[in-house]
Structures are given as C-alpha cells and as structure tokens.
Amino acid sequence: MNRIAGALRSPVTFSVLAGVLIGALFLVGTGADPFTAYGAVLSGSLGADGIGSTLTTVTSVLGLALALAIPLRAGLINLGGDGQLVLGGMAAAVTGLYTPLPAPLTVLLALLAGMAAGAGYAALAALCENHFGVPLLVSSLLLSYPASSLASYLARYPLKEPGSSLPQTRQLPDGVALPAFGSSTVTVGLLLVALAAATYWFTDRRTAIGYEIRMTGLNSRFAAYAGVERGGLTLRLMATSGALAGLVGAIGVLSFPYRFLDGALTAPGYTWTGLTAALLAGAAPLGTVLASFFFAVLQVGGLSMERTTEVPRELTQVLQAIVIVFLAARLRFPRGRLRKKAAV
Amino acid sequence: MFFDSDLLMSALRALTPILLAALGGALCERAGVFNIGLEGMMLMGCFTAVTTSWFTGSPWLGVLAAALAAAAYSLILAVGAVTLRGDAVVLGIAMNLLAVGLTSFLLRTVFGVQGTFDDPSLAGLPLVGGFSPLAYLAWAAVAVATLVLSRHVWGLRLRGVGEAPQAAATLGVSPAKYQYAAVLVSGVLCGLAGAQLALGNVTLFSENMTAGRGWIAVVAVMLGRALPLGVLLAALLFGLAEAAGFRLQGLGLPQQATDAAPYVVTLGALFLTTARRRRRTTPAGAVS
C-alpha cells in the first residue's frame, strides 16, 4: 500500500485535523477569524520574536514528553510528572545554593541532584506497584501531590528569600546557571534534552533492552513468558522517567530567573502537554519529538493569538485535549476499516 | 478535644462530592468500564452549576444543568470506550485535560475573568438540617445503589456484563446498553458532585477547582472494592483526613502539610488493604 495514503488515513492525522477543525469552530463561535487566529499562532511561535520562546518551551515539553514516553512504550503510565519535576527543581536549587564548589561543577552537581531526586521519587511509585499492588497510574499521581506540597512548603518557609514577597528561594550564586545561546533564553538545556531524545531513539531501535520494552508494551504476558522480569523493568523505566522529569526541573531552576519559585515549574502544564505529546506519538522516539514541537508551537503561539484576536489562549489547551480524545477513540478517515487491528 | 462531633460534621460535609463521584465510578467498574474521567466530569459539573445558577438565579436549576451537562460529557467515554473500543485510560486522561481547558476557556469568554469567578449575588444551595440537600441525596444513592446491585435484576445484569460480557450477551443482555447506562449515571453523579463542590462547599468557580478529588474518588472505588458501602467508608476516610487537616491548620501546622494529608492517608489505606488482599489471594510468581 502507498505509504503516503496510509499516513493520511492514520488515526494521528485524523485526530490532529479534527482538533484543528474543532478549534476553528470555537474561533468562529467567539467571533474570530480562524485564519487570522491560526496565522497568529504560527507567526507568533515561529517568527523571529517567538522562536526563542518556542525553543525554551520545547526544552521543557520535550523533556517531559520523553519522561512519560519511556514508560508508556512498555504500556506504563506515569501520572506523577509534576511531583518529580518539582522535586528535581528543588533539589537543583538546594544544591546550587549550598555547594561550596566552583560554579561549573556546581551546575553539573545540581543537574545530577535534580535527576536523582526525580528518579528516586518515581522509583517510589514503581515500588508501590511492585510491592503493595497499588496500580502505577494511581500511586504515581497520588505521590505527586505531597511532593508539590513539600516543595511549596520549603520555598515558603525554610528556604524563602528573606524580605521577598514571593514564595521563592534566594537567587543562585553568580555563574551557577546553564549557559544560554547569545542573548536568548534558550540554554544548553535544549541540547541535554535533545541528547536524551537521541539516546532514547538509539535504545529503542538498536538495543535488547529497547526491544524488551517494546515487547512488554505490545504484549506484557508474552514478554513475561519470554523472560522479561516485569517488576524490575517497571522500576528501571520509572527511575529513568523520573530522572528526566527531574532534569527538566533542574534545567528550569538553572535558567532565568535562576531560583525555585513556587508553582513556576508546574503552572505552564508542561507535564500534561508532555503526556499528550507522548500519547499522540504512541511513545515512538521521533514522533515524540515532532509532537512535542507541535504542542510547544501551539502553547507559545496561543499567547500571540490571544493578543491579535482576543480569543483566550486556553483554546490551545482545549485543542490539545480534543486531539487525544479522537486519538483514544481511534477515529480515522474511512476505507482503512479492515486494517483497524493492524495499526494499533 | 480533637475528635468531636464538629470534626465528624465537617468530615461528612467534605465527603459528599467524593462519595457522589465514587459511586459513579463504582457503577462503571461493576459494568467493566474503567472510568478515570471522574475529575473532568466533576469539573464540567462545577462550571455548569455556577453558570446556570448565575444566569437563572436558581441554584436548583444549576444542579439540574450540572447533572445533564456532565452526563452529556460522559458520552465521550461511553462512545469512545464502549462503541469504538478505545483505551478507557487514555480517554479518561484526555477528558480530564479537556475539562480543565474547556472550563478555563469558557470562564474567560463567558465571565471575562481569569482564575476565579466569585460574586456575592451568586446563589448557592441552602442548608437543610446542617447539610446540603445533595448530601442527603448522596446517602440515599448509597442505599439505592446497594439495593440495585445486590437485589434488582438491573444490578445483577450490570454485574454480569462487567464480569463476563460474552456470557451476558449469550443470555440476551446487551453489554453495550448496560455499560452506556453505567457511564451516563456516573456522569449524572459527577455532575451532582461538581454542583455540590461549587454551590455547596463554596459558592464560586475557580480553574481546576476539583483539585484531584476525582482521582481520590477513583481510589475510593478501589479501596471500597466497587461496593457502594465500601465506597462510602473510603470516602469517609478521605473526608476525615480533610477535616482533620483543617483542624490541624488551625493549630498552627502549615497549610502545605494539611493539603498533602488526604493524598497520603489515601495512599496509606490503599497499601494496607491491597497488601492484605494480595497476601491472601495471589500465588507467588503469578503473571500480570
């Protein structure tokens, strides 16, 4: 069969088009011209003024999308991204503030501390499933709330910047920051996340463990029969996932405004955008990168859409969710009906 | 004294939304549909209740509209998971996200405010004997659900559909029909839960105001093994944790500690019950 025709009839294409179309209906409903609005999304996110902001957003969205895609590849859903992200950010902030080492080493240590904090916390959720029989979906989500509360408490009381009215820590010492490209807000963090994506691609395609993960995702009973030890795999996948979420938190703290501000890491909803991207891509490595870019464009472009057409930017969040609703319902353009099972 | 009747009263007030949503979740679970979209359905209920009460001046119409809107919203899950055989987990997550986006979007387009809509002239539900009328409804719903599930032919068929859909179909019971009914009823109950939250517990709408209560309800279904009475006990546990949290906050504990309390308590309870159940039932080395 023709590959292009096949791609056109895939549920992904259908979902994205349906999302864009329903978004256009919403725009018409609020009295805006859909072409102007979508034009503003594109020019605002990909134009000279917006591309820096888009790439900064891509750093966070792709980081979390990878974090959630890696367990998803084995059929596991980590809903605790927010907690792991925040703990990673907090660990990086504490390391950055209190390490008496040269700045570059401190940065490295802060990144590692962030990854370790996220990994440890996510591993806890895996242990809940393995040893207590609490489904991962639920344990990871429930653990997320106390983590956010803890970080919020630390930023408001013991670590609060004296004299500040905001719930934030002190600014990190001079030089304890990720190098930025030129005068933009894009930092080396983008490269770290890109490296993670490349590693994921290689692992998924070329290694035995990547094969085991995919097998478990396709048919966990078969994989178990073939000798994949499920508990250990869950633990390792969740630790990796949490490490990536923690890394994103650390990158966030080591970039402008160089401190931990309560709510700043979670407010933009990167975790949910990342999960949406991972689901849309079916956790495939390259697809996850593309989907993250698509959603980052929407998120950043939503702001300029709001400026030009006065349509609230929350519309882009609606659009994102609609795409996933259609995708989950496995709707697609007709004529592929007989092959439904083969494409899952 | 720490444990007194006031604490119990505030626990009973905190538990109503969770109980309503969890009952809906339990029905779905019994019918074999894993419903984790409770949070989103509740949020749609909150928004519809506040909007309708604001424009008509009647909180009762708000309650009715919330139930209808959330039921309509639950059709996404019914059509997606039952008719189209999509993944219920992904659908539920998407429904929760869609509800957050949609209500925030509508909050800005309808009321022109961001974050919270709150007006002194917004009519909330009256109290009857110290409780919201919906609280009595929730308790009655527990009794009705218990009776229907254990005694009535509808409940028995619903359980049959959940346990062995093919066997039920062979006996001429349409699984799809019962699953649709369960999902729609859960929508109605979540709509009522949302109305209770936005017009009973407080009288306002704020973005993402359900704040994880729908997820607590999902856990309550697991804790209560999808039995209406079990769900009631699980919801009571959560209500007590929330009420005790408020009490501790009054005694000087930071708000963050009390915010986290319900989640920690629920997780702890989940550990205890599932660990015991597993020791009893699962043989060592069982697959999946």
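Predicted model: local features only at pLDDT ≥ 70, side-chain atom pairs only at ≥ 80, totals over all residues.
Residues are numbered from 1 along each chain as its sequence is written, and chains are lettered from A and ligands numbered from 1 in the order in which they are written.

View 1. Helices (H or I, at least four residues) and strands (E, at least two) are DSSP runs numbered from the N terminus. Leu97(A) is partly exposed, because 19 other C-beta atoms lie within 10 Å; a residue is buried if 20 or more other C-beta atoms lie within 10 Å of its own, exposed if 12 or fewer, and partly exposed in between, with C-beta atoms placed from the backbone. Leaving aside neighbours within four places in sequence, Leu97(A) is in contact with Thr169(A), Arg170(A) and Leu172(A); contact requires C-beta atoms, placed from the backbone, to lie within 7 Å. The C-alpha atoms of Leu97(A) and Arg259(A) are separated by 9.0 Å, although these residues are 162 residues apart along the chain.

**View 2. Helix 12 (residues 270-280) of chain A, mostly covered.** Of the 11 residues of helix 12 of chain A, 11 are buried, including Tyr270(A), Trp272(A), Gly274(A) and Leu280(A). They pack against helix 2 (11-29), helix 4 (51-72), helix 5 (81-98), helix 13 (285-309) and helix 14 (314-328) of chain A, together with helix 4 of chain B. Gly282(A), which follows helix 12 of chain A, has a positive phi, near 60°.

**View 3. The contact between chain A and chain B.** Chain B contributes 40 residues and chain A 35 residues. On the side of chain B that touches chain A, helix 3 (59-83), helix 4 (88-111), helix 9 (213-223) and helix 11 (255-281) of chain B each supply at least two residues. The largest share of this side, 14 residues, comes from helix 4 of chain B. By class, the side of chain B has 26 nonpolar, 10 polar and four charged residues; Ala, Val, Leu, Ile, Met, Phe, Trp, Tyr, Cys and Pro count as nonpolar, Asp, Glu, Lys and Arg as charged, and the others, Gly among them, as polar.

**View 4. Helix 5 (residues 133-150) and helix 8 (residues 175-201) of chain B.** The axes of these helices come within 10 Å and cross at roughly 155°. Helix 5 and helix 8 of chain B are therefore roughly antiparallel to each other (angles over 145 degrees). Leu134(B), Leu137(B) and Ala141(B) of helix 5 of chain B meet Leu189(B), Leu192(B), Ala195(B), Gln196(B) and Gly200(B) of helix 8 of chain B. The residues of this contact divide into six nonpolar, two polar and no charged.

**View 5. Helix 5 and helix 6 (residues 153-163) of chain B.** The two helices pack at an angle of about 70°, with axes 5 Å apart. Helix 5 of chain B is therefore roughly perpendicular to helix 6 of chain B (65 to 115 degrees). Val148(B), Leu149(B) and Ser150(B) of helix 5 of chain B make the contact with Trp154(B), Gly155(B) and Arg159(B) of helix 6 of chain B.

Notes
Contact = placed C-beta atoms within 7 Å. Axes fitted to C-alpha atoms, helices over the stretch in contact; angles between N-to-C directions. Parallel < 35°, antiparallel > 145°, perpendicular 65-115°, else oblique.
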